[in-house]
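Please look at the structure first.

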Amino acid sequence: MGKINDILSPFTAWKHLVNEPLTVKKPLEREGADRYRGFHKNEIDKCIGCGTCEDICQNAAIDLVPVEGIETKDGDSGLRPKIDYGRCCWCALCVDICTTNSLSMSNEFKWIDEDADNFLFIPGADDKPWNNSEKGWKKPDYNLYDPNRVDMQELHPEDRDKSFIEIVQGYSKEQALKEADRCVECGICTATCPAHMGIPEYIRAIRNDDLEEGLRILYDTNPLPEICGRICTHKCETVCSVGHTGDPLSIRWLKRYIADQNPSERFKEILGTDTIEQNGKKIAIIGSGPSGLSAAHYLALMGYSCTIFEKLPLAGGMMRYGIPEYRLPYDQIDKDINYILSLGVEIKYNVTIGKDNTLDQLHKDFDAVFTGTGLHLGRSTRIPGTEHKDVHFATDLLREISLGNEIPVAEKVVVIGGGNVAMDITRSMARLQNQKFGKVNVIATSLESEDIMPADREEIVEAREENAQIIPGWGPQSIEIKNDKITGLHVIKCLSVFDEEGRFNPKFDENIKDFFEAEMVIESIGQGMDLSYLTDEIKENLKMDNRGRIIVDNNFQSSLEWLFVGGDIIQGPDVIHGIANGHKAAIGIDNYINSKK
Amino acid sequence: MSKLFNIKEDRSLFPEKNEQGKIDIDLSSHKYLKLWHGPQHPGITGNMSLEITLLGDEVMDCETHVGYLHRGFEKLMERRKYIQCFPIVCRVAVPEPDFNEYCFASAMEELAGIEIPESAKWLRTLVLEMARLASYLMWIGGQAGAFGQGIIGQWTNYLRDSMLDRFEELTGGRVYHMYIIPGGVRGLLPSGFKQRMEENLKFIEQMMKDVERVMFNNAVFKKRSVDMGIIEKDWIYKFGITGPNARAAGVPLDVRKDNPYLVYPQLDFEAVTATHSDIYNRADVRRRDLLMSVDLIRQIMAKMPQKGEIRAETPNVLHWKVPAGETYSKAECTRGEYGYYMVSDGSEYPRRINVRGPSYTHAVSLLEKMIINCNLADIAGLMVSLHTYPPEIER
């Protein structure tokens, strides 16, 4: 029976004679699934050319190339991914890791072309029929790297609002490793950092737990890591590619971690600067701020004998006399400066050029002069009432606090300004009020609305935590004075700060008014430079622009070839520009002196 | 040996064995013919070659040659970061990329001490069973085709294509799925997936009844496969035979049962076995295993969580340093035990990855033994009945 069945059974297949044949759909007629990994798309304006797609591609199918119409700028390499479909395996890891979420894939899979070279294309830049396709592979919900920053331990507002103890506690090893792990090593940060620090490299050193190598990388471009690790304006973090769809890396805290973890007494050994061959040349440096210290450091490494002339009793310039101790403790400034001094740099304190010594004399005594005298003069709003004795400049008060002098503290204070200096004096004043009166009543008001306030976001948040009031978007009108005492500040609503061309041109609505009660007003709307040490003869020969700034070339050399200028009076104002200027000027000075031989 | 095959020729023609137990073949006697079977031959699954010596139609001697498909994956992986190996591993065995992905990912997770989310476990199991189903559907066409039944291959390749449609929906790729990523999987089920999958499964079950009638209840197929190519039970452990090849001999080796992984302990199934261990039996074991996959897919889709995390938190994949150590991760693929032996020296790159594919034992040493005295026309059928993929011999 079985055998007959085995003969007849196959004939049951004949029933399919009346059925449609089973056959697969022709590829040209079918559409890819919603999630299909088809041809690449790129939102070219959203892409920043970080190259993470190129890094993860195991086939080396992606190459970052310049694209017409895309300019290189801060936070954008100006390059865009070019994909070779002769190599691509359509794994979509490039899409999954894309930091800006600009790269995706369409569900299109048909592309017929007679020229094989056409299969190398730049998604988004080249016009392709699938560019507008809605379907296809998108970045999934999971992350191939952690988009969330490791929280920094900070003193609780109640523990810090009466003292100048440092707020930020620094990362532990475990935290630093976790944070360092988030880096995608794109190098957008390096390109943007004024000093072009090797950021991905020192973050890698943290991951490898090789902090000595990390320190060496830091000192390649920045001789003030403890300081920068605390108060740098971190332009690197602003452009960090990871920050586009998550929190940017806390590059600043990682730098601090390396500097903190290496014992200062071993710096010379680690950095290999125990012995430096001297070349017998002498350089004078005016001002011991970041640019002066940076120039001195790199010149000292090249064998120059450097002497810094400092007007104030201690070194550091604005870093010591402008930034409150709760952000940058003095012992950390000393740690950085002491290392530079250990290289043989000499600082002459309490020497004011123009008074105790002259620039001409320095020119005679030294082979070259670098000046980085900074912006120490306050600027006034010049509104009615600013001539009153209880109206102060923020820079003056901050300097007095650092010098250890007592400053006037009123029960009600208004600060005019929305930058970091305004936040510094606001928060310092809040602490002093707390110490003196047991309560805080300080208002900081700025022209800018909160979204465009120049102060760092965390400064605003922390100031509020310390009970200071930040009231942005108001223009100061006049200071009201009754019986020779300040009673408050009249303000009107500020509608916009910049005009359409981006120039400073504030517009106000005079019908919307407010009044902030105060017994003391502090102005913090910017600083000016004091170039009184330049004699008339020097000024005659020195090229300056119409705003009174000294014109320098790429090496920070002025039109007087022996005079190099850098720091806040040229660029900035901030520490990292000063450091970068000082480094470049050191190289410029070396070139200048070598060219004289 | 003659009991393996129904050969009733005149034994006097056979050459005598020499002292080493090898057959003395004198090619200049003009009795023998040297023939290269493959590497380009439709009966050879993938690219490998059998150098056979024939006496008439009968195989006297055989030497297997591999190397036509060598891509050096294991070495390539030592030069790539772990995440960059992820798109490579699926290419080791073309019809079943998912077992490679799973073994690679689970080995990494074991070394790194990562527990993947529950949803990911279910989705991985689903994809592995889908891969098994798709792979068997391709195999069955090959097995029938090797014995001259073209229509079965046309039907089952259509069925496999319907599974590839589901793969495309779920994973974004039809052939290379790149879905089981270290840490989890790359996507949840799309909406309407279960319904479309059920339609596929129903049609597969219906068509498999036709396949049973046309292929298995077929006098020609039985004539060519029953009592052919028997694997003796005592060879199983000697040769390291696993999977359906072992189960057809009555040895219930199934990694899913023996070393349960993913959510297999929560599924209701038994290892499919047979007793006679011939080509027909092995085909039947695979057919029943295929139907069991259909059942397992139904069970998974009924029991799996509807949503949830699909990937565990892992270090940044761009510089993931897997802790130093070594591990062996294995899974039951359609051909038997599939495994990845991974050694990490604690760097960003694997120190050594060794792929254990069942085809190595089945298509090299076992085939060389079984092919002796086989009829030339049965070689393809015999080889397909061992279900070998040369790509996984040559990683």
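What distance separates the centres of domain 1 of chain A and domain 2 of chain A, taken over C-alpha atoms? The centres are 33 Å apart. Domain bounds come from an automatic or database domain assignment. Domain 1 of chain A spans 27-132 and domain 2 spans 157-270.

This is a predicted model: local features need pLDDT of at least 70, side-chain atom pairs count only at pLDDT 80 or more, and totals for chains, interfaces and linings use all residues. Side-chain values use heavy atoms, without hydrogens and water.

The table sets out both interfaces. Contact means heavy atoms within 4.5 Å. Buried area is the accessible area (1.4 Å probe) that two parts lose on being put together, summed over both. A salt bridge puts a side-chain nitrogen of Lys or Arg within 4 Å of a carboxyl oxygen of Asp or Glu.

| Interface | Residues in contact | Buried area | Carbon and sulfur share | Salt bridges |
|---|---|---|---|---|
| Chain A and chain B | 48 residues of chain A, 47 residues of chain B | about 3600 Å² | 52% | five salt bridges |
| Domain 1 and domain 2 of chain A | twelve residues of domain 1, nine residues of domain 2 | about 790 Å² | 65% | zero salt bridges |

Now the chain interface. About 3600 Å² is buried between chain A and chain B. In chain A, A:Leu22, A:Arg35 and A:Gln58 lose the most area to chain B, together 20% of what that side buries. The side chains of A:Asp96 and B:Arg186 form a salt bridge, at 2.8 Å from N to O.

Notes. Residues numbered from 1 in each chain as written. Chains lettered and ligands numbered in written order.
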